[in-house]
Amino acid sequence: MGKRTKMQQGQQDKKYRQLCDDLARIASTLSGEDQKTVEEAADIIYDYTGAVEMTARLVNQYETAAEPTRRGGGIFYCPSCCRRISANNEHCHWCGKLLEW
Ligand SMILES: [Zn+2]
């Protein structure tokens, strides 16, 4: 788990749980036998598109590792938000980016 705080982990878990709930609701609606209006169908597709985009963002931020930038001495910067980070942290403590050392 590295040095990531419990609070950050909790916030990320909450986002994932919310996303899973949303996807489950969408899937359940799409597979249901209820007749939907065109407007309702459009809303579902819009929600789905948003959920897919959010998933891609979250995966890129929290699950796709990137190498920290090093600028002289032992000073490192986050490859995502460019803020100073401590060496060997698993995630940036500013933005949550997964780091690969
Ligand atoms: Zn960062």
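Start by selecting Thr 64, which counts as partly exposed because it has 13 C-beta neighbours inside 10 Å, between the 12 or fewer of an exposed residue and the 20 or more of a buried one. Keep in mind as you click around that this is a predicted model. Thr 64 sits in the loop between α2 and β1.

Setting aside neighbours within four places in sequence, Thr 64 is in contact with Val 59 and Leu 98.

**Next stop: helix α2**

Select residues 38–63, and you have helix α2, with 26 residues. From its first C-alpha to its last, α2 reaches 36 Å, close to the 38 Å expected at 1.5 Å a residue. How many of the 26 residues of α2 are buried? The number is zero, so α2 lies largely in the open.

Reading from the N terminus, the elements run α-α-β-β-β. The three strands form an open sheet in the order β1-β2-β3, with antiparallel pairing. Select 69–70 for β1 and 84–85 for β3: these are the edge strands, each pairing on one side only.

Then pick residues 76–77, which are strand β2. Strands β2 and β3 pair in the antiparallel sense over two bridges. To view a facing pair, show Tyr 77 and Arg 84; Tyr 77 stands opposite Arg 84 in β3.

**Into the core**

Which residues make up the largest nonpolar core? Select Phe 76, Cys 78, Ile 85, Cys 92 and Leu 99, five residues in all. Centre the view on Phe 76 and leave out residues up to four places away in sequence: Phe 76 touches Pro 68, Thr 69, Arg 70, Ile 85 and Ala 87. One of these, Ile 85, is also a member of that nonpolar core.

**Zoom out**

Finish with the whole chain in view. Of its 101 residues, buried ones make up 8%. Among contacts between residues at least 6 apart in sequence, 41% join residues at least 24 apart.

Notes:
Residues are numbered from 1 along each chain as its sequence is written. This is a predicted model: local features need pLDDT of at least 70, side-chain atom pairs count only at pLDDT 80 or more; totals for chains, interfaces and linings use all residues. Helices (H or I, at least four residues) and strands (E, at least two) are DSSP runs, numbered from the N terminus. The expected span of a helix is 1.5 Å times one less than its number of residues. A nonpolar core is a set of buried Ala, Val, Leu, Ile, Met, Phe, Trp, Tyr and Cys residues joined through C-beta atoms within 7 Å. Two residues are in contact if their C-beta atoms, placed from the backbone, lie within 7 Å. Two strands pair if DSSP finds at least two bridges between them.
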